[in-house]
Amino acid sequence: MTASVISAESIPGTGRAAQGAIELRQVSKHYGDVVAVDELDLTVQPGEFVTLLGPSGSGKTTTMMMVAGFEEHTAGTVLIDGRPVDSLPPRDRNLGVVFQNYALFPHMSALENVEFALRMRKVPRAERRQRAEEALGRVGLGKMGGRKPRQLSGGQQQRVALARALVFNPAALLLDEPMAALDKRLREQMQEEIKTLQKSLGISVLFVTHDQDEAMAMSDRIVVMRDGKIVQSGPPEEVYNHPMTDWVASFLGDTNLIPCTIVERNGEEAVVDLGGLGLAKVRDRGASGESYAVSIRPEHLKFRTRASAGNGCAATLVSSTNLGATVRHRLTAGGHELQLRELSSDRGTRILPDEELWVGWDADKAQLLVLES
Amino acid sequence: MKTTNPQHRLLALLSIPAFLFLVIPTAIVVPVALNDSRYITFPPEGISFAAVAGFFADRAWTSALTASLQSAAIAVVIGVLLGATAAIGLHGRKFPGQPAVVGLILAPMIVPTVVLALAFYQFFISIGMVGSIVPIGLAHAVIATPYVYLTTRASLAGLNPALVRSAQSLGAGPLSVLRHVYLPIILPGLISGALFAFSVSIDETVMSLFMQSPGATTLPVKMFTDIQFNLTPKIAVSSALLVSVATIGLLLQVLFVLKRRSSTRMLPLAVSAQT
Amino acid sequence: MSNATLERTRPRGRGAPPSADAPRRRRSGWWLLLAPILAFDVVLFLTPLGKLVGASFADNAYQRVLEDPLVVRALVNTLTISLASTVVTVVLGYIIAMVLWRAGTVTRVILFAVVLLPFWTGILVKNFAWAVLLQDNGMVNAFLQGIGLTGAPIPLLHNRFAVIVGMVHCLLPYAVFPIFSSLASIDDRLGLAARSLGAREGAVFRRITLPLSMPGISAAGLLVFIISTGFFITPVVMGGPGDMMIANQIDYYARQLTDFSGAAALAVILTVMVSILVAVYQRVLKAGGQHEDN
Ligand SMILES: Nc1ncnc2c1ncn2[C@@H]1O[C@H](COP(=O)(O)OP(=O)(O)OP(=O)(O)O)[C@@H](O)[C@H]1O
Ligand SMILES: [Mg+2]
């Protein structure tokens, strides 16, 4: 089952007007002394897929609950399509919510679950049934409407939850770690399906996860949160390749962090002194702090010949580990330990430990960032 | 978010009469007993211990109190011994007749007390055992034992039978295993079971009524007989005594629940409520 | 003493066979712990009940009691009073359980204590207190006169209303706990989900909370009904002559008429009724448990 079973064709009322903008202005949430969310500014454009990514306790769920209207914020304003909704109860916010465990009603069939929102909106019986069946069909469960949630697999339950959240044409979709309970393969499949569905519906999505791969795979924009604050936000590649701090760099995956001092900064580029590794040209986002480092992802380090131009240095191989699709090499260079990852298929001649090598990287793949820790 | 919405306020409002309904009857008992009046009224007209003194000066009432305490003592001792040994004996063990044995142990809880009362009444007459507190205590022990069994079993729930085996493989004899492995673990269950047993016996009325005799009239039986004629201050004092016992039992139970963080565990499935 | 367990876990075959008398010694050690309670229950529980059943078959007792209009009346009373008490108890119990469910930890413990207080208090004490409250010059009448609802005291005691009040007060804890535990097993997020789908509080209650707490309600209802059918003290203390229940009729046969076989027959009828209800109750408990699992 590789092809997506979710399709957006023939959905009544899919011709959405440009709607579904979510905006948080200076929103805070305090639980007694605990500051769960701290003066957050966040925007989701109509049709945009925005992911809140952060470690446990960073305030992702709290943020989402405030958007949905389940938690009252302590300060600030939440706007949906430009309208403040602070005093609106959840039922009037017109947002589809998918919870971590799906929160399907166990005593209702899949179809009744999907019908629920239409029933609450007093949609006539016949139309209600038809729309619910269409919504189930859209998520590939056309024939499963009569089943109770406990008779459905995890993936199927998730689809019912999606159909239930979409059937009333909400302004936007909120998903809180919707795939945490699924195994890896199913998770990847659902990621694709949700993404396809979102694109075809053109609906805005606010998505919560602490899985960086999931965030990378699905988002138009990633908002990295820590301790109730946004530490960086931008398109996945940008956040990944150009982290602003060492914390963001490490949170989003493996990286080589090389402490440095700045020699010269001019706009997008800077020249830094990497100590034992000499001088190098790197990307600069203008962040300033007390101490700096350069982040280079392991897959951006390359074996080079000494003659080739650009950044590079001599290195000694310590060990190599085959990880299947990729090979991870541990190196030492100029007193630093480095990791280099290459595709197994790119692996050239077998290299031996203690062999002298030359490694290099492209200047735009090395990011100057602020050392927080 | 839990309390702010109007529906929950409506619920809280609705529940006030329900909680008052629960509390008020128990709450008025002590003030009524201390009422400074020859009639039973509430609110009391003044505080006095005259009724209390009257109660303790009245032979009929003090001997009823003694009878009640005696029957409770019999019920607690027998209940604790039988309930605890049964719980230990059945712990971690499965055998063909086991459900039947457990069923027999718990059965006294589901037979209506009036049926048991009649059965005991006939039985003790037929074996010529009448006119003393002993048959009443034995009858109470029958209905109190399942409670002790249940509370002891609950406290054994966390004990791994393998631990017992390992103690035995280290050479511990049966008595030493009982004392050093089981006793420390079942002690809380035993204490609360004993409490239940005491409370069941001290409040039991129907069986005691059927088996009463001039020398063996318990407090509830005396109350039951008097109450049908008049509401007297001595009944009030007796009620106040029983309420004090209940309050102690309740406080101990709440402490227990708090310590264990489980709110329903201590509730027996008692069907033989002392009706 | 728990050597029986040891024995079962030992691999069969191969090893040296246990000495001939060892198993017997082990088994006897283990039975020693069960022997007292079994002996006690056989002698003091099964024997009296057996004698009771035996006595019930003498003198054509069943036919005799079932033809007695007083018995028929008592049976009808038992059913109607138990049913009314059950309905009131379950409704009140549901309200209390909802409050417990919604309360914070500290409030919950206090309210639990309030619910448990009547549970620990003996029935005579509770009935006495109600008699004091409901008598002609009692607090309830004083209150009703105070707010001008009535000029003269209303007779609140020694009638069916009083019996039901007294019984409900005794029965409430038995209803609160099953309902509370079924409420507590409902995932909070179901309510949130329903709200996000457009449900008002009323709809959340009607369509989510109530149906999902149904197992608790039926368990509570059955348990309360089972207990109700055996009430003896309350009809005497709080009821009038027309409110006698089946238990009172047993007493009447045994101690007034000294008709043992008649009393025994009535007792057997009551026990059979209760046992059937208990069996149903256990079904309901099991079904409820299954529902939770899924
Ligand atoms: N009801 C509450 N009362 C007190 N503190 C709370 C409450 N809910 C959340 N918090 C605190 O607020 C902070 C943010 O919690 P939140 O659930 O939003 O984190 P999260 O990013 O969703 O984490 P996770 O990945 O574990 O779900 C945490 O420190 C948490 O302890
Ligand atoms: Mg969360």
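**Exercise 1. At what angle do α5(C) and helix α8 (residues 160–184) of chain C pack, and how far apart are their axes?**

Before we start, remember that this is a predicted model.

*Step 1.* Two packed helices are described by the angle between their axes and the distance between the axes.

*Step 2.* For α5(C) and α8(C), the angle is about 140° and the axes are 7 Å apart.

*Step 3.* Angles over 145 degrees would count as roughly antiparallel. α5(C) and α8(C) are therefore oblique to each other.

*Step 4.* Look at who touches whom. From α5(C) come Arg108(C), Phe112(C), Val115(C), Leu116(C), Pro118(C) and Phe119(C). Their partners in α8(C) are His169(C), Pro173(C), Tyr174(C), Val176(C), Phe177(C) and Phe180(C).

*Step 5.* Sorted by class, this contact has 10 nonpolar, one polar and one charged residues.

**Exercise 2. Describe how α4(C) packs on α5(C).**

*Step 1.* Find the two helices in chain C: α4 covers residues 69–102 and α5 covers residues 105–120.

*Step 2.* Their axes come within 9 Å and cross at roughly 155°. That angle makes α4(C) roughly antiparallel to α5(C), because the cut-off for this label is over 145 degrees.

*Step 3.* The handedness of this crossing is left-handed.

*Step 4.* On the α4(C) side you will find Ile96(C), Val99(C), Leu100(C) and Trp101(C). They meet Arg108(C), Leu111(C), Phe112(C) and Val115(C) of α5(C).

*Step 5.* The class count is seven nonpolar, no polar and one charged residues.

**Exercise 3. Move to chain A and work out how α2(A) and α3(A) cross.**

*Step 1.* Helix α2 spans residues 110–120 and helix α3 spans residues 125–138. Their axes come within 9 Å, with a crossing of roughly 125°.

*Step 2.* This makes α2(A) oblique to α3(A).

*Step 3.* Here the crossing is right-handed.

*Step 4.* α2(A) brings Ala110(A), Leu111(A), Val114(A), Glu115(A), Leu118(A) and Arg119(A). Facing them in α3(A) are Arg128(A), Arg129(A), Arg131(A), Ala132(A), Glu133(A), Ala135(A) and Leu136(A).

*Step 5.* Counting by class gives seven nonpolar, no polar and six charged residues.

**Exercise 4. Which residues surround ligand 1?**

*Step 1.* Follow chain A and collect the neighbours: Tyr31(A), Ala36(A), Pro55(A), Ser56(A), Gly57(A), Ser58(A), Gly59(A), Lys60(A), Thr61(A), Thr62(A), Glu177(A) and His210(A).

*Step 2.* Next, look at particular atoms. An N or O atom in the Ser56(A) side chain is 2.4 Å from an oxygen atom of ligand 1.

*Step 3.* With Gly57(A), a backbone N or O atom takes part, lying 2.8 Å from a ligand 1 oxygen.

*Step 4.* Finally, Glu177(A) has a polar side-chain atom 3.5 Å from an oxygen atom of ligand 1.

**Exercise 5. How many helices and strands does chain B have?**

*Step 1.* Chain B comes to 11 helices and zero strands.

*Step 2.* Read from the N terminus, its elements run α-α-α-α-α-α-α-α-α-α-α.

*Step 3.* To picture the extent of chain B, take its C-alpha atoms along the principal axes: they fill a box of roughly 70 × 65 × 30 Å.

Key
Residues numbered from 1 in each chain as written. Chains lettered and ligands numbered in written order. Predicted model: local features only at pLDDT ≥ 70, side-chain atom pairs only at ≥ 80, totals over all residues. Heavy atoms only, no water. Axes fitted to C-alpha atoms, helices over the stretch in contact; angles between N-to-C directions. Helix = DSSP H or I, 4+ residues; strand = E, 2+ residues; numbered from the N terminus. Parallel < 35°, antiparallel > 145°, perpendicular 65-115°, else oblique. Left-handed = near helix turned anticlockwise from the far one by under 90°. Contact = heavy atoms within 4.5 Å. Nonpolar A, V, L, I, M, F, W, Y, C, P; charged D, E, K, R; others polar. Near = heavy atom within 4 Å. Polar contact = N/O pair within 3.5 Å; in protein donor to acceptor, adjacent residues only side chain to side chain.
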